[in-house]
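Here is a short briefing to read with the model open beside you.

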Amino acid sequence: MSSVSTHVLDAVRGIPAVGLTVTLLAVDGTELASSATDLDGRIRELGGELPPDTYRLRFDTGGYFAAQQVPTFYPEVTIAFTITGDRHYHVPLLLSPFAYSTYRGS
């Protein structure tokens, strides 16, 4: 079984994105888990042990930026990824109101 974590950085302010809600979804859209980022912008484990499959992480970027009274073009960011083996998967997000990027972390 595998596990998933994430780390969200606010690239405009140069700080962790604190309190951003992230939801883990199964490939069919079923919600598996939801949590908010901690003071370091991290969720250290989301969804417990996961079997190989395709999943999605949905980041509530609209809610995060609304709390700061900052307009944003992306009300949410959804990242699909595939778990293929028995290991830890880290999915970071670099975020700004009008752009984002992600990569496979370690």
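In this predicted model, buried residues account for 39% of the 106 residues in the protein chain, where buried means under 20% relative accessible area, exposed over 50%, and partly exposed in between (1.4 Å probe, protein chains only). Local features need pLDDT of at least 70, side-chain atom pairs count only at pLDDT 80 or more, and totals for chains, interfaces and linings use all residues. Residues are numbered from 1 along each chain as its sequence is written, and side-chain values use heavy atoms, with hydrogens and water left out.

**Overall build**

- The protein chain has 1 helix and 10 strands; helices (H or I, at least four residues) and strands (E, at least two) are DSSP runs, numbered from the N terminus.
- Along the sequence, the pattern reads β-β-β-β-β-β-α-β-β-β-β.
- The radius of gyration of the protein chain is 13 Å, which agrees with the value near 13 Å for a compact globule with 106 residues; this radius is taken over C-alpha atoms, and the globule rule is 2.2 Å times the number of residues to the power 0.38.
- Taken along the principal axes, the C-alpha atoms fill a box of roughly 40 × 25 × 20 Å.
- Of the contacts between residues at least 6 apart in sequence, 58% join residues at least 24 apart; contact means heavy atoms within 4.5 Å.

**Strand β3 and its partners**

- Strand β3 (residues 21–26) is mostly covered, with 5 of its 6 residues buried.
- On one hand, β3 pairs with strand β4 (residues 31–36) in the antiparallel sense over 5 bridges; two strands pair if DSSP finds at least two bridges between them.
- Within that pairing, Val22 stands opposite Ser35 in β4.
- β3 and β4 form a hairpin with 4 residues between them, and Gly29 in the turn has a positive phi of about 95°.
- β3 also runs antiparallel to strand β6 (residues 53–59), joined by 5 bridges, and here Ala26 has Tyr55 as its bridge partner.

**A backbone angle to check**

- Gln69 is not a glycine, yet has a positive phi of about 60°.
- Gln69 lies in the loop between α1 (61–67) and β7 (77–83), and counts as exposed at 75% relative accessibility.

**Salt bridges**

- The whole structure holds 3 salt bridges, each defined as a side-chain nitrogen of Lys or Arg within 4 Å of a carboxyl oxygen of Asp or Glu.
- Arg13 pairs with Asp10, with the closest N and O atoms 3.9 Å apart; Arg13 is partly exposed at 46% relative accessible area, whereas Asp10 is buried at 1%.
- Asp38 and Arg44 meet at 3.8 Å, N to O; Asp38 is partly exposed at 27%, and Arg44 counts as exposed at 56%.
- Arg42 and Asp40 meet at 2.7 Å, N to O; Arg42 is partly exposed at 26%, and Asp40 is partly exposed at 33%.

**Surface**

- The protein chain exposes about 5,700 Å², and carbon and sulfur atoms supply 53% of this area; accessible areas come from the Shrake-Rupley method with a 1.4 Å probe, and for residues only the protein chains shown count as cover.
- Leu9, Leu94 and Tyr103 make a nonpolar surface patch of about 250 Å²; patches are made of residues with over 30% relative accessible area and no salt bridge, with like charges joined within 9 Å and nonpolar side chains (Val, Leu, Ile, Met, Phe, Trp, Tyr) within 5 Å.
- Leu9 is found in strand β1 (residues 3–10).
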